[in-house]
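User: I'd like to learn how to read a fold like this one. Could you take me through it feature by feature?

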Amino acid sequence: MSADAKHYDVIRKPLITEKTTMASENGAVVFEVAIDANKPMIKEAVEAVFGVKVKAVNTTITKGKVKRFRGQLGTRRDVKKAYVTLEEGNTIDVSTGL
């Protein structure tokens with residue numbers, strides 16, 4: 001597996017919501033990342049894929065909700081989000097996609 005493919009396994013997709021749009025005004029970008037990824041892995045992946053300098057990485061894990069699917073109880077998957085703060089002067093345009 002190439003190093004670039006490894007980075008794309010860490011970063012799943014950018015998240016675009018009202019809350020993440022407010023965070024982007026402060027130079028932060030939010031990504032859904034692999035549940036087993038740690039902060040140094042996320043920082044390395046974002047710097048390699050987008051060619052920017054990362055200042056800080058904060059992560060949160062959202063537990064999956066219990067929902068009913070056709071009358072059966074099921075559980076949505078757990079999601080890990082990474083709030084990546086960029087150095088001054090660096091930007092990522094998440095609306096274009098990966």
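Analyst: We'll go through the sheet, then a helix, a pocket and a loop. Keep in mind that this is a predicted model.

User: How many bridges join each pair, starting with β1 and β2?

Analyst: Take the pairs one by one. Between β1 and β2 (residues 28-33) there are 3 bridges, and one to look at pairs lysine 13 with glutamate 32 in β2. Next, β2 and β6 are joined by 6 bridges; valine 29 has valine 84 of β6 as its bridge partner. Finally, 8 bridges tie β3 to β6, with asparagine 58 partnered by tyrosine 83 in β6.

User: And is β6 mostly covered or mostly open?

Analyst: For the background, side chains in a regular strand alternate between the two faces of the sheet. In this model β6 is mostly covered, with 6 of its 8 residues buried.

User: What does histidine 7 touch, away from its sequence neighbours?

Analyst: Histidine 7 sits in helix α1 (residues 3-10). Leaving out residues up to four places away, histidine 7 touches Glu44, Ala45, Ala48 and Val49. For histidine 7 and alanine 45, the C-alpha atoms are 4.7 Å apart, although 38 residues separate the two in sequence.

User: Why does histidine 7 count as buried?

Analyst: Check the relative accessible area against the cut-off. Histidine 7 counts as buried because its value is 8%, and buried means under 20%.

User: Now the pocket. Which residues lie nearest the centre of the largest pocket?

Analyst: The largest pocket holds about 270 Å³ of space. Its lining has 17 residues, and Ser24, Gly27, Ala28, Val29 and Ile92 lie nearest the centre. The elements giving two or more residues to that lining are α2 (18-24) and β2. By type, the lining residues of the largest pocket divide into 8 nonpolar, 7 polar and 2 charged.

User: Last one: what is the phi of arginine 70?

Analyst: As a general idea, most residues other than glycine have a negative phi. Arginine 70 is not a glycine, yet its phi is positive, at about 55°. You'll find arginine 70 in the loop between β4 (66-69) and β5 (72-75).

How values were computed
Residues are numbered from 1 along each chain as its sequence is written. This is a predicted model: local features need pLDDT of at least 70, side-chain atom pairs count only at pLDDT 80 or more; totals for chains, interfaces and linings use all residues. Side-chain values use heavy atoms; hydrogens and water are left out. Two strands pair if DSSP finds at least two bridges between them. Helices (H or I, at least four residues) and strands (E, at least two) are DSSP runs, numbered from the N terminus. Buried means under 20% relative accessible area, exposed over 50%, partly exposed in between (1.4 Å probe, protein chains only). On a 1 Å grid over the protein atoms alone, a cavity is a set of points where a 1.4 Å probe fits but cannot get out, and a pocket is an open set with protein on both sides within 12 Å along at least five of seven lines; lining residues have an atom within 4 Å of a point. Grid points are joined across faces, edges and corners, and a volume is the space filled by probe spheres set on the points. Ala, Val, Leu, Ile, Met, Phe, Trp, Tyr, Cys and Pro count as nonpolar, Asp, Glu, Lys and Arg as charged, and the others, Gly among them, as polar. Contact means heavy atoms within 4.5 Å.
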